[in-house]
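Biologist: Before I plan around this model, could you walk me through it with the sequence and coordinates side by side?

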Amino acid sequence: MSLREQTGARLNLEGISVNFGGVAALTNIHLEVFDGQVTGLIGPNGAGKTTMFNVISGLQKPDRGSVALGDKNVTRFGPARRARLGLARTFQRLELFGSLSSRENVEVALETKHGGGDLTAEGLLHRVGVTSDADRQVSTLPTGEARLVELARALAINPKLICLDEPCSGLDDSETRLLGELLRELASEGRGVLIVEHDMDLVLRICDRIYVLDFGEIIAVGTPDEIRNDPVVQSAYLGTVAPEESADR
Amino acid sequence: METFLTYTVLGIVAGAIYAITATGLVVTYTTTGVFNFAHGAVAMFCAFSYWQLNQQWGWPVWLCLLIVLFGEVPLLALYVEEVYMKRLFGASVVRSLMVTLGLLLILVGGAQALWNGTVQRSLPGYFSNDTVTIFQVVINYHQIITVVIAVLVAVGLRVYFRRFRSGIAMRAVVDDPELLSLSGSSPRNTSRLGWFIGFFLAALAGILIAPQLSVSGLDVNLLTLLVVNGYAAAILGRLRNLPWTFAGGMILGLSENYAAGYLPGHISANLANQIGLLFPVVFLFVALLLLPSARLRAIGRMVVAVPPKIPNLLQSVRSAAVFIVIMWIVAMVISSSIIGSVTQGLALGVVGLSLVLLIGYAGYVSLCQLTFMGIGAYVMSQVAHGGATWWGLILAVVVCGAVGALVALPTLRLQGLYLALATLAFAQAAYYGFFTNISYIPEGGAMAVGRLSIPGISTSGDKAYLVFVAVVFALCAIGILAIRRSRWGRKLVALNDSPAAFATLGMNAAISKMIVFAVAAAIAGVGGVLYAGQPLAISANDVQMFASLEIVLFVTIFGIRTVSGALLGGLAAALLPLASSHLPWWGVGITGIVAGAGISLMAAHPDGVVPIPWINEHLRIPGLAIPLKKKESIDVVA
């Protein structure tokens, strides 16, 4: 029986460990992301969140453990092969094609063999909320807008699983709210969504399941309510006062 | 046994010099993040200075060493750091490579201007080359001193980097200069110290190696190239590990001498003169291939320069037509003494176009484009038996494309600096192993090549041939711009801007790299056929490493992302040597002077001369300058 048949997960990390020299960046990580759900990954700076994203997307080889996408063990696959299996990601520090316009950034992805379908660059930019001129060079955009272009580009390969590394940084409150709605919408289309984000209101509002990472280890897993009330999480990350309001979905 | 010991001793002495020079390279690289292509040129310049003081003016050895190592070297290091390098921290590999290539040309040009190349110069070894016999092997004191100094350098640096505060700071500065400054150390001073130690060791290597050139005497090019051999040792130490670098120097020195001594007779006879020069570059190529795969990293940096606007097909055809008319007028009015150089400049412009594709669009630094130019001319020479046919051109294009892909194949894993070094090694290997090898190319490496022509139109006249080459340049330029507008061109630019994002979108960088290398090599091959057609021959000298470096540098100075940059770069490379003969004594160094001015300009305008807004607004020549997009404000740079 394949991993996917066992767990039903789109993404499955089993016992992942990564060491940089003598420093353990990730230790024995187990994580699952399911289709149709938004999964959150939170933790203080330096907890290992971006390293985990790099392991998932194939930019970092783990020292131990395995990564499965659907029913395929992809631990030895490079990033391009993983993308062709339906994995897309964005980066904490923008990785846009800076010489190109917003439209061209999305078109490059649309023109890949596995990308596109009926999608258009204009349609995707509109969907993620990019309001500036699509022909403007992307390196001249404000950070928030550039992040949305990166999201549109990730969506252009029509991913089954999308991993977003701090997508809300640089966005104002209303843009953040709209992005939250978009992420729920993507999940409702049957995609798996994994998000690293420091905006706790957003994470607690939109996620179905949250993993909390601290010093490279998962210290808690649960629903937003469980995480909000978890004393270990409160002391490690949320602080002593948990947000009172339980947001509507 | 005695023979073996002799080769061992010679190997250890050569290895000691490689170890000293490679250690200097590594120290500079680890403290400044810049791989100094001018390292060999620094060694050469200091060796010449030492000769001037010691041999020409008769000053005592100790005083000459003091002046060169503790006077000239610190001043040179300070000048280089202040004028060129301080703005390079965090700069792209292309930019930092170009600055050091420029420095190389400045030093070579300076040495050629100061020390007339026709005069034979030599330096005696220390202690008048007195000898001792150890294990039946005769060793002179100079050789012993060389080995002792290498050991002292290795031990001294190890202690310095581990025990002294400034040494530890030097190890930290590349990792995080801001953090270093917070700890109370000055990153600038640390960087200056890095340049000083690097230059000091280069000078030491130059002074130690110079007396061994008893046959050729002090030679600007040879001295610069000999120190280049240290690159291989530095790569074995992965540009950071000093003990491995030292070991790499020794392995290189020993294996080079054993190869000379024990290779089967027919091989060593075939490569009799080249083996000492060929071996280190093959070693370098293999060392690069053995490097572990560089991890694809998210660089978190976005290209901020506004790229040149890409003209549409109609605009580029119109500009090309205007350009051809201008070249036709030029052909009619210029004197016959320079028409050949202008034609060759246009042919080099075609090679420059291949660099626009390769470096400007895709971001792959190649230092071997003139090798492909030579291969193109060689194929034509063989196919057309010293003449020129269109079939010959097609075959030249195919062969160059295939060789380009073959060069790309083993280097698929290499990026940035390592790729540049691999192409440099290939260029050198092709030069020593092929172009100067009489088994393949007799008659001093000269190959007869005819001129291509269109049926009914003769190109035998120089004016007609100039216009013909201009037409081919214009067609190639239209093709390059069409590639840039195409989906593939956009993919190349995307790959250049962010390899990590490129891969995470599921695109295969390896295939793109092979294709772009093949296409660029094929274009350079066309340039070679055109270039050789002017004087009706091409020689090994035309494709040597310095010429390759010059064309890369000049195209970059004028604008590596524009076809105008390729044109002006090609013309500069061909016309500057011509200009030198009309100038006073310093004219020999004109290439270095222009290179120096160019890299200074690049500090403010990294994209080169053509894209400078003022030039576009005020000096727009139809068919030459490409208009820029209106500069947009840059709000945020992530």
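**Surface, sheet and hairpin**

Modeller: Chain B exposes about 25300 Å² (Shrake-Rupley method, 1.4 Å probe), and carbon and sulfur atoms supply 67% of that area. The model is predicted, so local features need pLDDT of at least 70 and side-chain atom pairs count only at pLDDT 80 or more, while totals for chains, interfaces and linings use all residues. Residues are numbered from 1 along each chain as its sequence is written, chains are lettered from A and ligands numbered from 1 in the order written, and side-chain values use heavy atoms, leaving out hydrogens and water.

Biologist: What share of the residues of chain B count as buried?

Modeller: Buried here means under 20% relative accessible area, with a 1.4 Å probe and protein chains only. Of the 638 residues of chain B, the share that counts as buried is 55%.

Biologist: In which order do the four strands of the open sheet in chain A run?

Modeller: Strands are DSSP runs of E with at least two residues, and two of them pair if DSSP finds at least two bridges between them. Strand 2 (23-34) and strand 5 (72-73) of chain A are the edges, each pairing on one side only. The pairing in this sheet of chain A is antiparallel, and the order is 2-1-4-5.

Biologist: Which residue is the bridge partner of B:Val132?

Modeller: Strand 1 (residues 131-134) and strand 2 (residues 137-140) of chain B pair in the antiparallel sense over four bridges. They form a hairpin with two residues between them, and B:Phe135 in the turn has a positive phi of about 50°. In strand 2 of chain B, the partner of B:Val132 is B:Ile139.

Terms used. Buried < 20%, exposed > 50% of the residue type's maximum accessible area, 1.4 Å probe, protein only.
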